Amino acid sequence: MTDGAVTGAARVLIAADKFKGSLTAVQVAERVTAGLRKAVPGLEVETLPVADGGDGTVAAAVAAGFERREVRVTGPLGEQVTAAFALRDGTAVVEMAEASGLQLLPPGVFAPLAATTYGSGEVLKAALDAGARTIVFGVGGSATTDGGAGMLAALGAVFLDADGEPVGPGGGALARLASADLSGVDPRFAEVDFVLASDVDNPLTGPKGCAAVYGPQKGASPEDVAVLDAALAHYALVLEKAIGPKATELAASPGAGGAGGIGYGALLLGASFRPGIELMLEVLGFAPALERATLVITGEGSLDEQTLHGKAPAGVAAAARAAGKEVVAVCGRLLLEQSALQAAGIRRAYPLTELEPDPAKCIANAGPLLERVAATIAADAL
């Protein structure tokens, strides 16, 4: 047995997120399982793919036993797309990226001023129509910076310009907003438990707001960022005239800036804000799986500073450490010092770049490399 080895009858829990651009969370779990079992035939392995509310959240719920439902909705550029949500026992898991995500844009195409969250509202409505009494709304990976105005419009809100015409789609159009009316919003939101699951706690506007921090990832130039931030601030002021000071208070709340401000729209609908990974671990049934495990393997494509701020591996490691369980991590690349890993509750990380330093080859061959890494973990820890 090597240092840190698990003694007794080993049972491994694989609770890793996706390796963005190469493997889904389900594929990561499959590859790690294969590598472990090559090294230790007959090893007991339980897989629970995880997500923090961003893209991959519905897939993680389906892997955990939720039913996948599909619906045709409006994509970020106004085209029709197929979006999925997950449903089990009256709980729906809705992922805004399914309807309004960056992955729905053609390669190299961005629309920071015009992309809309209208389709996300249509998915929420479909979840209500399917009988959901609890809705977990995962936000992240968005193509949009419209403050959730599109989503609210799909649910019955009315946003008009000075001529009494509906303002166009996207955050840029909010600069022309003259009046807002939320009285027609679907009344079922008052009756459901609506939870905003996000790994960001940014406010709507300002230097830490959604346009300034995340706009550039969506193709926004410095000029676009200034336009969007001003438009979102104006949007909150118009909403304050419509519904009172609550609109301004919510704009400054943690999570309002999630996914281009769709967090703000969700808060206006009465959502409570919870860290995405914490909530998703509850929904996926992580606690009982953790109890059964002697070793936990978590991970994601890049273990870096962002990981420590509410990403899935940090949430898994924190829960496992609280339960006194050993945790190691797999990743494509490792940008954290050993001391930071230890502080997060991860004993050791195994990056694929140790086997293949070329990033392009690493991404292309992530599956086989992950099996080799898993065999090393088996040798070290089992």
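**Salt bridges and overall fold**

Analyst: Buried means under 20% relative accessible area, exposed over 50%, and partly exposed in between (1.4 Å probe, protein chains only). One caution: this is a predicted model, where local features need pLDDT of at least 70 and side-chain atom pairs count only at pLDDT 80 or more, while totals for chains, interfaces and linings use all residues. Residues are numbered from 1 along each chain as its sequence is written, and side-chain values use heavy atoms, with hydrogens and water left out.

User: Which residue meets Arg-348 in a salt bridge?
Analyst: Asp-380 does, at 2.8 Å from N to O. The pair links distant parts of the chain, with Asp-380 in helix α15 and Arg-348 in strand β13 (residues 348-351), 32 residues apart. A salt bridge here is a side-chain nitrogen of Lys or Arg within 4 Å of a carboxyl oxygen of Asp or Glu. Helices (H or I, at least four residues) and strands (E, at least two) are DSSP runs, numbered from the N terminus.

User: How many salt bridges are there in the whole structure?
Analyst: The search finds 18. One of them joins Lys-38 and Glu-371, whose closest N and O atoms are 2.6 Å apart. Lys-38 lies in helix α1 (residues 25-39) and Glu-371 in helix α15 (residues 366-381), 333 residues apart.

User: Glu-371, buried or exposed?
Analyst: Buried, with a relative accessible area of 14%. Lys-38, on the other hand, counts as exposed at 63%.

User: Which residues are linked in a network of salt bridges?
Analyst: Arg-11, Glu-44, Glu-46 and Arg-292. Within that, the side chains of Arg-11 and Glu-44 meet at 2.4 Å, N to O. Arg-11 sits in strand β1 (residues 11-14) and Glu-44 in strand β2 (residues 44-47), 33 residues apart.

User: Switching topic: how many helices and strands does the chain have?
Analyst: It comes to 15 helices and 13 strands. Buried residues make up 55% of the 382 residues.

User: And what does the C-alpha trace span?
Analyst: About 75 × 45 × 35 Å along its principal axes.

User: Last one: which residues form an aromatic cluster?
Analyst: Phe-137, Phe-189 and Phe-194 form one. The count of aromatic pairs is four, where rings of Phe, Tyr and Trp (its six-membered ring) pair if their centres lie within 6.5 Å; planes under 30 degrees apart count as stacked, over 60 as edge-to-face and the rest as tilted.
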